[in-house]
Amino acid sequence: MQLRTFPCKSVGRMLLFAALALLNIACASIEPWVQPYERDNLADPIMATNRNPVATSYTHHAYQAREGARGAEGGAGGGCGCN
Amino acid sequence: MQYFSTLKQARSLITLMLSLSLLCITGVHAADKSSAVMAADFTLASKAHGNLRLQEQIGSVVLINFWASWCGPCRQELPLLEEIQQQYADLGFTIFAINVDKDSSKADVLLNDIPVSFPVLFDPDSKVSELYQVKAMPTTVIVDRDGKVRFAHLGYKNGDTDKYQHIIKTLLRE
Amino acid sequence: MAVTRFSLLGCGMALTWLMQSHAAVLPQERADAMYHSYSGGGVSIDGPSILLRKQIGNSVSVSANYYVDTISGASIDVLATASPYAEKRTEHTVGLDYVRNKTLMNVSYTSSDENDFNATTYSLGVSQDFFGDLTTLSLGYSKGSDEVGKRGDESFSEQAERHNYRLGLTQVISKNFIVGLSLENIADQGYLNNPYRAVRFLEPESERGFRYETEAYPNTRTSNAAALTANYYLPYRASIYAEARLFSDTWGIEADTYKVGYIHTFGDDWIVELRARHYSQSKADFYQDLYQRSEEFNFRARDKEMSTFSNLSLGFSVSYELRFSASAWLKKSSINLDFDHVAFDYQDFRNVLADAPVGDEPFYAFSANITRLYLSVFY
């Protein structure tokens, strides 16, 4: 497989690509400081930001309908980290 | 800006990248015997079988499964592991289900409902989890009759136990 | 056909991500049946909310929600200009979640209907786990369209459109501590006021000393909200959480919200939560309780939501869990009660129902009770 030779001005872009790919691989190898088998407290439902979605979305709606502010109400992530 | 002058070259690169990635993610084949490493030895207390040591199992195929009471996929996997144990126990096979709960009594939350005949070992201080560099919950490692690691699988999804059965059958025949 | 550098970059990133392939999990399967009630300020709104969620295969989860608001009584805005009424609003939502390795994607459609207002919203979201699942990045986009009507005016029909852009980041700090950052930008355009709300202006000759005319809002609004949350697990089975949210928009409204809560467990079956929430906002640029004359400014608002006010809520929740066999079809069920008492205090919205000289009426204040009673089952 033959690649064409690159003119000088695309070197910058190539370096950016290389840096991003390296960052990606490096990031993939950062050792997590909380191991998957240490996540029992984080997996506990009392740590969930959205333990009862039906009640939470109703509560947000009740306030939002009477207040001027809106947005940034959700929460995500955390928990079990299984699979 | 063009890298490739023909569609054919582009397709070859994409095929190469896809096949490389496939090699990384498929694990349905047992690792080659000659390049396999010895499974790290450990001794842990078990629920009903006293202290158990991995090295004493040499001669049998061992499926090591790291699980916890708080892990949803682990809960789904446990009864299926019992089925595998029932099927292959007489052929020189055992499962070591290592429970990683900090509070070992939590294991009973599941075990009271899902009776298992294979040994359940307790690793509350995570010593064996660290030794095996457990990177996901659950993690399954299959060790052959010579004590070498031949298969490793992270996580659990419906259908994974079929993969384990395939590997176990291969290793039992060796 | 050329392969651009960006698709190469994409392939490269996909490859490295594939190499560390293990996955995220779908939301838990469950069904919830809730009775909700809001009561205060002369208004009573209650109704059911039913949620069903089912996983299909390994990668897909579908959900559906049915929600009804039955409104009776009238808020001060309505009492000032009209008379009490009864109304019903129905909302349907369907959603689909898809998981592939460490990526979780979801789409949903919501439709809300009442006799004078219909709204539909389409949402998309994607979230990705990084760094050994310690970091989760999520992106979301929603598009909403409203059709605004007016009871008693068949010819009245207006439209509004809304775009929401969300960015979320959650980070596990330690075995016991998780923090989150949430940003949301919302851009609306079209008919953005409530057709029943009116502004008042001085008119000494009139019976009350003032008269009403309809509000006039700008036809665009852009807002930004940023929230920081923290959850901490205590040495015994309990947790505390805190949240701070800052808001500002192109209408001049600046608001902040602070929440704290404590969750305590008794044995394996009881979960109790105590919480407090404080909200305060400054008025919209074009808000005024009393104008000097008709159409004094191009934009006029007297909706109390646009005024300067604050509110404080104190609430509690109690849950009782019933755990069944882990291998049975029904694994767990819980009965829950959530209750909040909220007190609103307005600083530049006056109570026109009070007997006082025009422009000197006392500032309005009211309190309300928000109740949620629900049964959840997990299968």
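Guide: In strand S3(C), C:Val60 is the bridge partner of C:Ile56. The model is predicted, so local features need pLDDT of at least 70 and side-chain atom pairs count only at pLDDT 80 or more, while totals for chains, interfaces and linings use all residues; side-chain values use heavy atoms, leaving out hydrogens and water. Residues are numbered from 1 along each chain as its sequence is written, with chains lettered from A and ligands numbered from 1 in the order in which they are written.

Strand S2 (residues 43–56) and strand S3 (residues 60–73) of chain C run antiparallel and are joined by 12 bridges. Strands (E, at least two residues) and helices (H or I, at least four) are DSSP runs numbered from the N terminus, and two strands pair if DSSP finds at least two bridges between them. S2(C) and S3(C) make a hairpin with three residues between them, and C:Gly57 in the turn has a positive phi of about 70°. On to the next strand: S3(C) is also antiparallel to strand S4 (residues 85–100) of chain C, with 14 bridges. There, C:Tyr67 has C:Glu91 in S4(C) as its bridge partner.

C:Asp97 and C:Arg53 form a salt bridge, their closest N and O atoms 3.0 Å apart; the term means a side-chain nitrogen of Lys or Arg within 4 Å of a carboxyl oxygen of Asp or Glu. C:Asp97 lies in strand S4 and C:Arg53 in strand S2 of chain C, so the pair ties together parts 44 residues apart in sequence. Both C:Asp97 and C:Arg53 are buried, where buried means under 20% relative accessible area, exposed over 50%, and partly exposed in between (1.4 Å probe, protein chains only).

A second salt bridge joins C:Arg151 and C:Glu87 at 2.6 Å, N to O. C:Arg151 sits in the loop between strand S7 (135–150) and strand S8 (153–174) of chain C and C:Glu87 in strand S4, so this pair ties together parts 64 residues apart in sequence. C:Arg151 is partly exposed, at 35% relative accessible area, whereas C:Glu87 is buried, at 8%.

Another such pair is C:Lys332 and C:Glu321, with the closest N and O atoms 3.5 Å apart. C:Lys332 is in strand S17 (residues 332–350) and C:Glu321 in strand S16 (residues 309–323) of chain C, so they tie together parts 11 residues apart in sequence. C:Lys332 counts as buried at 15% relative accessibility, and C:Glu321 at 10%. Over all chains, the structure holds 34 salt bridges.
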